[in-house]
Every structure is written in C-alpha cells, then in structure tokens.
There are 4 protein chains.
Amino acid sequence: MDFDDAEALHHHWVLTLICVDGPGIVHAVSGAIVAARGNITESQQFASLDTGRFFMRLQVEAPASRSEFELALQPVVDRYAMSWRLDEVGRPLRTLVLASTAGHCVNDLLFRQRAGQLPVDVPLVLSNHGTLRDLVGFYGVPFESLPVTDAASKAAFEARVLRAVDEHRIELVVLARYMQILSPELCARLGGMAINIHHSFLPGFKGANPYRQAHARGVKLIGATAHFVTSDLDEGPIIEQNVVRVDHSRSPSELVAIGQDEESRTLTQAVKWFAEDRVLLDGARTIIFR
Amino acid sequence: MDFDDAEALHHHWVLTLICVDGPGIVHAVSGAIVAARGNITESQQFASLDTGRFFMRLQVEAPASRSEFELALQPVVDRYAMSWRLDEVGRPLRTLVLASTAGHCVNDLLFRQRAGQLPVDVPLVLSNHGTLRDLVGFYGVPFESLPVTDAASKAAFEARVLRAVDEHRIELVVLARYMQILSPELCARLGGMAINIHHSFLPGFKGANPYRQAHARGVKLIGATAHFVTSDLDEGPIIEQNVVRVDHSRSPSELVAIGQDEESRTLTQAVKWFAEDRVLLDGARTIIFR
Amino acid sequence: MDFDDAEALHHHWVLTLICVDGPGIVHAVSGAIVAARGNITESQQFASLDTGRFFMRLQVEAPASRSEFELALQPVVDRYAMSWRLDEVGRPLRTLVLASTAGHCVNDLLFRQRAGQLPVDVPLVLSNHGTLRDLVGFYGVPFESLPVTDAASKAAFEARVLRAVDEHRIELVVLARYMQILSPELCARLGGMAINIHHSFLPGFKGANPYRQAHARGVKLIGATAHFVTSDLDEGPIIEQNVVRVDHSRSPSELVAIGQDEESRTLTQAVKWFAEDRVLLDGARTIIFR
Amino acid sequence: MDFDDAEALHHHWVLTLICVDGPGIVHAVSGAIVAARGNITESQQFASLDTGRFFMRLQVEAPASRSEFELALQPVVDRYAMSWRLDEVGRPLRTLVLASTAGHCVNDLLFRQRAGQLPVDVPLVLSNHGTLRDLVGFYGVPFESLPVTDAASKAAFEARVLRAVDEHRIELVVLARYMQILSPELCARLGGMAINIHHSFLPGFKGANPYRQAHARGVKLIGATAHFVTSDLDEGPIIEQNVVRVDHSRSPSELVAIGQDEESRTLTQAVKWFAEDRVLLDGARTIIFR
C-alpha cells in the first residue's frame, strides 16, 4: 500500500476478467492497475485446462473514479478480448426473490441482509402463494403474490418477474424454494443471473418425494445443492453443496427439516459468493474464488 | 454390575435380535438375561415403522457359557420367532478380502487389523492381479492372484472365492476396490455378508470415468459409499457414506486421490461396524447401532 | 405394537431414568411398562463406567394416563432409588430466553419455534438492552428490557429472571448471547436448567476479543460450544459443539460472522435435545441420547 | 499458454515471494516472468493487514533454466527486498521423520509417499524406540533407533538429528508422534522447517492424559493440530486442524484411536502443503495457499 496516497484512496474495486489463456495477461492487467495508481488487495486466478480460458478476480484500492479506471483497463481488455466486470466492493446486489410457501430460505436471506452479512438489496419478494406475506413484511420488504394454477397464470407470473427485473434493474434472481418450473424462455432470459436451491442425496433419486425415497434407502447423508438455473432442470452449474449426516432413526419428516437447514445455509452462501463477484462460469462448471 | 459375581464374569456377549414388533419384547429378553445372571452393558433398539420389525442389539456380561446363554434365550427367541445372533464381543471376524490393483483400501484394512483397531482376521487376500502381493505380504497375510480375463477365468475366480469362504469359514467378504462385477449367483451366495465400496458424487454420474464427469460438472463434494453387495450393482443397502469438499482447481487425478481417501476410511468404518454386529438389515436399508 | 389396542393408545410418553447401575434394571422397567400395556418405541441406555450410574431414556406408547403410568412405574423407581422424569413426547418446554444486543441466536430459536421445528414455548424474552424488541415482537413473543449497568440493576435483572421463572413455570432458561455474567446464586438456582452458548477455538484463548486472538494465531477452525450454566464460567457440562473451517484471509469481523452462525445452530440444537429430554447429566459431562 | 513454445517448456517452477506490501509488486513480478517467457499457471497472493507484508505463490511454466529464471527475477527481488524461494513443481522434499512407538502417522506418511500422493523423499526415520523398525523397513526406508533416557542420551539423539539434517540436506523434519520435547537449541536450529502434530480438544486441557480429561468433560469434538515447531511447546504457528465428532459412549481408549486418525490425516496434509511450498509464515500465523 502506498501510504502517501492513503488520503486519496476513495474506491475499493472488484474486477473480474475472463479471456482465452495466454502469456502476459497478468502482467498486462497489473500494468493497467499500476497506471491507475491502484493497489491490489486480493487476487485470484485460474487457468482452465478444460476450456483454455483464463479467469481472474481482483480487489483493488484506487483513487481512480469508475470511468478513469475503466479507461485504464480498456486497452488490456481489448487486447485480450476479455469479458469483464467492474464493481465497487460491498455494493448490494439488486436481488429479486421468488418463493412459494416454505419460509426457511427466504427468512435466512432476509435476516442476513438486514444483519449486514449479505450484500444484497431485495426490493421485492414474489410468490405464487400468500403464505410468507407476514414474514417478508417484518423485514420491511415488499411482497406480492400471484397464484399459479394454469398456463395462463404461470405466464402472468413470469411476465411479472420480467417486469420486476426491469423495474428494479435486478442483477440476481433467487429461487428460494420457488416450487414452479420456469419456462425455457424465462430460464434463457435469466441465464447466469438466477440461482436455485435443490436437495441432494447420495445416491440421487428420481421422481416424487425424494426424502421418502432417501428414508427407504437408508441414506446416511442428505444435503443441498445451489446451482444456476438452466432450462435443464436441476442440472445447472453447481455453485455450492453441503451435506449433513443422518441415521436410520430419522423419519421422512425429520429428514425434511434437516434438509431445509442445509438448503438455507447453502443457498445463502451461494448468493453471498455471487453478490461478491466470486462466481464465474467455465462452461458447465463454476469457478468459485472464495 | 453385580460385584459379588465379578470373578465369575467370564464372557462379554453381543446379542442381536430381529422380530416382528410388539409389546413385551424388551421385557422378555431382559428377563432371559436376568435369568442367566447377565448384566446389560450396552443396549440399542429400533422399531421400524416401514416394515413393522423390531431390532435389538445388546452387550451382556454374564458368567454363562455360550450353550447356557443360548438355552436361557431360546424360549424368548421361539416365542417371538426371532432371528438372532450371539457372539463374543471383540472376536475377530473371519474376513476374505478381494482386491484388484489399487492398494489404498487393502492397506487401510490390514494396517488397522494389525494395530488392533479392527476386529477382523484376514486369512487371505484374493486378487485378479499380482500388484498388491508385497503390500499384503508385509502384513503377514497370504495373497493369491488369479487373472480374470474372460468368462472361464471369471468363473474360476469366483469358484476360488467360494472355496476360500468354505475353507476359512469366512463370515465377511470385503470388496476392497475389486473391480470385477460379481455374478448374480455369487451375489446371492454372499447375500448380507459382502461389503463393497463405491465412490459417490452429488449428483450421481452414469457411465465411465465418473471423476472426469465430476470434474466437468464442477461438483463441490465427492465421497464414498460402503454398501452390501446385491446383484443390483452399486445399489445394495447403504452402510456408511462420507464426503469431502473439493473445488474447481482440482484435476481429475487429484479428485481420484481425494476420493480414494474417502473410500478407505468409509470402507474400514463399515467393516468395523459389521464386525461388531452393529449392522442389521431392514428391507432395503440398514439399521446401524453405532 | 399390539394392534388390537391401537384405538386405546392415547399417549406417547418420554421417560428418563437415572440410578446406580446393577443387574435387572432394564427387566424391571420393561416389566412395569408391559404391566401398563405400553409399547416401547424408542429406547436408549448407557452405563457410565466413570460414575457407576445407569441412564435410560424411553419413548412409550400407552393407553395409561399419567397417574396410571406413574403408579405402574413407582415400585421400580423406588426399588432402584431412581431419579426420573415422565413427560409427553412433543410437549413444548416452557423456555425463558435471555439476550443482549446480538439477534442471531434469538432469531434462530424463535423462527424454529414458529416453524414447529423446536418444541419450546417462549413466554418472554428478557434483555439488558432494547435492541431486539422488534425482532422478538415479530414472532409474537413478549419482550422486556431492563438495563444492567451496576450491581443494583444487575440484582434487579436477576430478580426479574427469577420472577419470570416462577410466573411462567419456566423449565429452561436459554442464554442466547446474554452478555452478563450470572451471579453464583442465580447459577445455583438455575442449575441443570440453563443453557449458554460460547464461541470455541482450537486452541482456546483467554482474555478479551478472542476472535482477534484467533485471527492473530491463524486458527483454521472456529466453532461454538453449548453448555449448562454453572458458576464456573464457560466450564459447565458440554451439550453440543460445532466447528467450521476458516483461513488466513478472514478478517476478525468475518470470523465473528462465521462464529455467530455456529453459535446459532449449536445453541438451537442443544435446546432441541434438552426439550426432547435427550440430555442427562453424569457428573461433569452429559449423556446425549440423540 | 504459448503453444508455439510448447516443445520448449521444459520446467514447471513454483515461486514464493514475501516482501513489504506496496503498489506495483504484481506487475513487476509478472513482468519478470513475461521476460523469461514464462506462463503463470497458478497464482495466489495475500496482503497481511496485520504485518503489512505481501505474500505470493506462483506456478510458472517456462523454458528458462533455473539460473536463467533466477537472473530474470533478481532485479524485482532486489527492488522489493523480497525473501523468495524457487523450486521445481513436484520435486520431492528431503524429509527426516522422527518417531517414537506409535506407527499411525509414520505409516500414513510412508504409504502416501510410496503411492506418489506426497512429494517427499524420506532418507531416514529416527526413533527413540525400535518399535517401528519393521513397519519402516517395509517401505524400504532406513531406520535408526537411539534410546533417549537421560540428558546425555537426549543430547546424543539431537546430535544425530542434526547430523542427519546435514548428511541428507534435509529440508523438512516431521515429528510424527515423536514424544520427546526438543531442546530450545534444536527448535531454534529447525525453525520454520519442522512440523509437529498434536491432539486438540474443545476446550483445551492442560496436563497429562488429555484424552482421559476430554472423556471426563464429555467433549463432543476431538481433533488434531499440525503446527511448526517452536520452543514454545505446542504453540507454534498452526498449519492445519481437523476435528471429528464423538459422544459419551466413547471410552478414553476409543478416543485415542479416533484422535490418532485425525493426527495422521492432519499431519500428512500439513506435510503435503509444506512440500508444495504452500505454507508461508506471517508472524505467528501461517498463510496457506491451498
């Protein structure tokens, strides 16, 4: 850190970069940062042998304004044909939450937002049920419910989602146990900006009531997977997973309760990493710069 | 504990009982134990709502010989049509180990046997390769290899397994990364007395090279499942599961190494519980009295 | 289960028993249960080699009323000089919560109570600050704050605690990050019925700001311990512990946030086990019948 | 990666750098690497707010020989007064193992070395007992035992350690359950190059037989800590920690067995990270570039 400039350090930037791997990238990027009188406070990189792409995440303290900093980076970005993203560290991500009747994930997200542990700003919770109105209201967050009972009401709900995304310039959509399948069109529209949470078992189970199946097979670990939403149901790139140990004495309903805990903490963790620009996509998998 | 009889307490029995659930079972069993002047030092029970069966495991210190103790238990066993098993606590289980080329599971089993941490007695390791001869020999355990390259050599290998089971009065067969599929006949013959170890992923992957698939999907947890061998490949009742966290930076070969650690400790744990009579079958699932 | 009596099974009892170990106890207890036409649905026992005491927890379905069931048990209880406790499975435990300014533990407790995941009934949250009034109010739970600033106000607070314990016939007092040291008198009065939560580190740290010390030592695991309150500060019998992995990049304030998560889930788990009569004391340690 | 030069990429270097933090470091380092036609394949950095120091670890593929690469780096190293270390990725670290009678840690280290999972080369195991001679011999590793029974024999043992360090140009000394306290002189001589393993409990216990104390307090988690050896016994900078769950039913000897498993895997992990140049010292704590 250059202490002479300490008084001038107005900004703390987070910068993510993706490009085809090759020599000299780090040197070029760091050169641009030096030129902008920035100090790198956190840096992570990864070169994917699978796709030949290079991924980088930096946190930089710099006196430069956003436009000055962008100007300094532009030549490097152009030279390497980088996709990139520049943001202020800690800026709350505008996040739309979709829910149904289960409150555990929504409560965890909103409580942590309020406690300052999760850099998101939730302007709206949309649900296909009214169940969570009071819970959401307690946290001072607007709540709307629109029933989804047929194709027309489903289309209306999804149109409302898209309108909310536009109105609030939403950057992340969280499916916090929203129990409707999104249309392929909505999945495509929200590609890379929607996170879902899903229970997970070893081994996996197809079909209805997986907790009952897990009980019947006597699984010893149950868990949850947070992943990006894609049109391939429950198969999007994985962001985070957790499991917890169970035994034969657990009833199906106890497994549900245990699984819900894993869902809450796994989803919240995934949202946190995404909001901190720590989640990058490398084909079908994620790079997580924890 | 009845201290007056302390000098007479020659035996420490482990007793497992399975029958249709109903009132009075515990009272009847404990009555027989009192009659045999036994003291219950450990007791676990479970009534399965799934199958209506009752499971019990007891450790009993008693002056009674095996035949005296069996005599005392016989009326209760008959009354409730119990399947049961009586053994001495800590008696090493006669265990046949099948292996191929990978040594991690075999080494863990034999090291812990020698260290007195695993109550098994391994009279023979059979392999379809010669790779592990030295490793097994170090532990003073006989080793035989028979190549399995076609139907005839496979039949010969399995016949050798059955002969070994008879010759050594084997009570447990452990597939310690034995990479051949057992014939349905052998699976049936070893039903409830053979344990296999299998890598596990969230989600599961079909087909070849699952570690490469897990890498491609960017899974965050990899693990292992120890289960009973059934003719339904990798789908037998689960005994134990473990997972460990990985990230995007792990190559497929690193995932293999990490997975092997989980396989070793998971298999050894499952064998230990089985050897201690802690694993009972309730239909497609196991009751583990840890 | 005796299906002919199915219609008569009005009660589901939980019974805990502690006495000096000796032969025949299980038989005597099960005999009394058979006499009361009860069916044991869950049973755990433990004989402590440390103290020579025997611990038992049973769940029993029986047509007997409480007084009938007590009558059936009385001879056994007398014969073995047992301390015992009989309750209905699932009855919410009357629980007083003490708090200060941090809301994470209180929120977790009240949310799970409302969600039906925690069998407690909280008639009052008492705090030495007003900070949590809104949070507690949202869950429909009465809230009172009394400042504690000197010996007199501390005595007044503790007197209010004792009055609340009497008024509401409190069975459990939870110190949900209540940051005042209880007087030895109050500790004694609440012996065996008050649970505290405490951060935990490997190794432990004495003195102020342990998270800063943990950061300075570069600990890799931080966690939480829930324990019974005794006058020996933070040294009461341990009920539950959890840890989570951290690394060098975590600031002290991030360690605090991570530690709070562990505190919440560890305290809630301990309260759940206590409310389900799964926590028994064996000298300085707990028997947990999970 | 510069594919035109693929045939020329003879070396895979690992480079660690430590200096006072300031702007331009990354740029200067990457410039030197570009000049040497190197390609960065892995990079991690950390700026310590505690000490104001900057830490960096790089893996670089480069056609440069060691002397060429050092020449390219020298100006940067000089400018920032860096302490640095350059090595080939995967080169086995010359490692001296000290042991006493317990074989679990030694076995785990030697088995993984032989399996190619641990980049160490162990030219000698030194013990104050002869117990492990056969175990060590199996792995083809020389073994020497010298009894330590008094001050003179202890001095002789330590002299032998120092001679072995010189003879074999030892880079790492692993105390694999070596149960003698090293003299302050030896600790000082081995500063930053000796790793010890230690059981860990929540809370910690002073004095003899901690497993018995842990049992008496009913701890729910036991674990292990691998740390650098310093003259402050068991208080050196922590490299790795693990814990595992236990319950009241575990006897002290079972706790020992469980603790030994944690010791083995924790020590092996710490050695692996050290051998891969992933462990850097920042005052009293370690930076682990996993």
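Modeller: Let's begin with a pair of residues: in strand 9 of chain B, Asn196(B) is the bridge partner of Leu175(B). A quick word on terms: helices (H or I, at least four residues) and strands (E, at least two) are DSSP runs numbered from the N terminus, and two strands pair if DSSP finds at least two bridges between them. Keep in mind that this is a predicted model, in which local features need pLDDT of at least 70 and side-chain atom pairs count only at pLDDT 80 or more, while totals for chains, interfaces and linings use all residues. As for labels, residues are numbered from 1 along each chain as its sequence is written, and chains are lettered from A and ligands numbered from 1 in the order in which they are written. The predictor gives the complex an ipTM of 0.86 and a pTM of 0.87.

Back to our pair. Strand 8 (residues 172-175) and strand 9 (residues 194-201) of chain B run parallel, with three bridges between them. They belong to an open sheet of seven strands in chain B, ordered 7-6-5-8-9-10-11, with mixed pairing. From one strand to the next, the twist averages 20 degrees. Lying across strand 5 (93-99), strand 6 (120-127), strand 8 and strand 9 of chain B is helix 3 (residues 104-114) of chain B, which runs at about 155 degrees to strand 6. (Axes are lines fitted to C-alpha atoms, for helices over the stretch in contact, and angles run from 0 to 180 degrees between N-to-C directions.)

Now follow chain B on to another pair of helices. Helix 7 (residues 210-217) and helix 8 (residues 252-275) of chain B cross at roughly 115 degrees, and their axes come within 9 Å. Helix 7 brings Tyr211(B), Arg212(B), Ala214(B) and His215(B) to the contact, and helix 8 brings Pro252(B), Leu255(B), Val256(B) and Gly259(B). Residues are in contact here if their C-beta atoms, placed from the backbone, lie within 7 Å. By class, that makes five nonpolar, two polar and one charged; Ala, Val, Leu, Ile, Met, Phe, Trp, Tyr, Cys and Pro count as nonpolar, Asp, Glu, Lys and Arg as charged, and the others, Gly among them, as polar.

27 residues of chain B are in contact with 27 residues of chain A. On the chain B side, helix 7, strand 10 (221-228), strand 11 and strand 13 (285-288) each supply at least two residues. That side has twelve nonpolar, nine polar and six charged residues.

In chain A, stop at Ser30(A), which is found in helix 1. Ser30(A) is buried, with 25 other C-beta atoms within 10 Å (buried means 20 or more such atoms, exposed 12 or fewer, partly exposed in between, with C-beta atoms placed from the backbone). Leaving aside neighbours within four places in sequence, Ser30(A) is in contact with Val26(D), His27(D) and Ser30(D).

That takes us into chain D, where 18 residues are in contact with 19 residues of chain A. Helix 1 (25-35) and strand 2 (39-47) of chain D each give two or more residues to this side, and strand 2 supplies the largest share, seven residues. Helix 1 of chain D is mostly covered, with nine of its eleven residues buried. Those buried residues pack against helix 1 (25-35) and strand 2 (39-47) of chain A, and also against strand 1, strand 2, strand 3 and helix 2 (66-79) of chain D. Just after helix 1 of chain D, Arg37(D) takes a positive phi of about 55 degrees.

What about strand 3 (residues 53-62) of chain D? Eight of its ten residues are buried, so strand 3 is largely enclosed by the rest of the structure. Strand 3 of chain D is antiparallel to strand 1 (residues 11-20), over ten bridges, with Leu17(D) standing opposite Met56(D). Strand 2 of chain D also pairs with strand 3 in the antiparallel sense, over eight bridges, and there Ile40(D) stands opposite Val60(D).

Terms used: Two residues are in contact if their C-beta atoms, placed from the backbone, lie within 7 Å.
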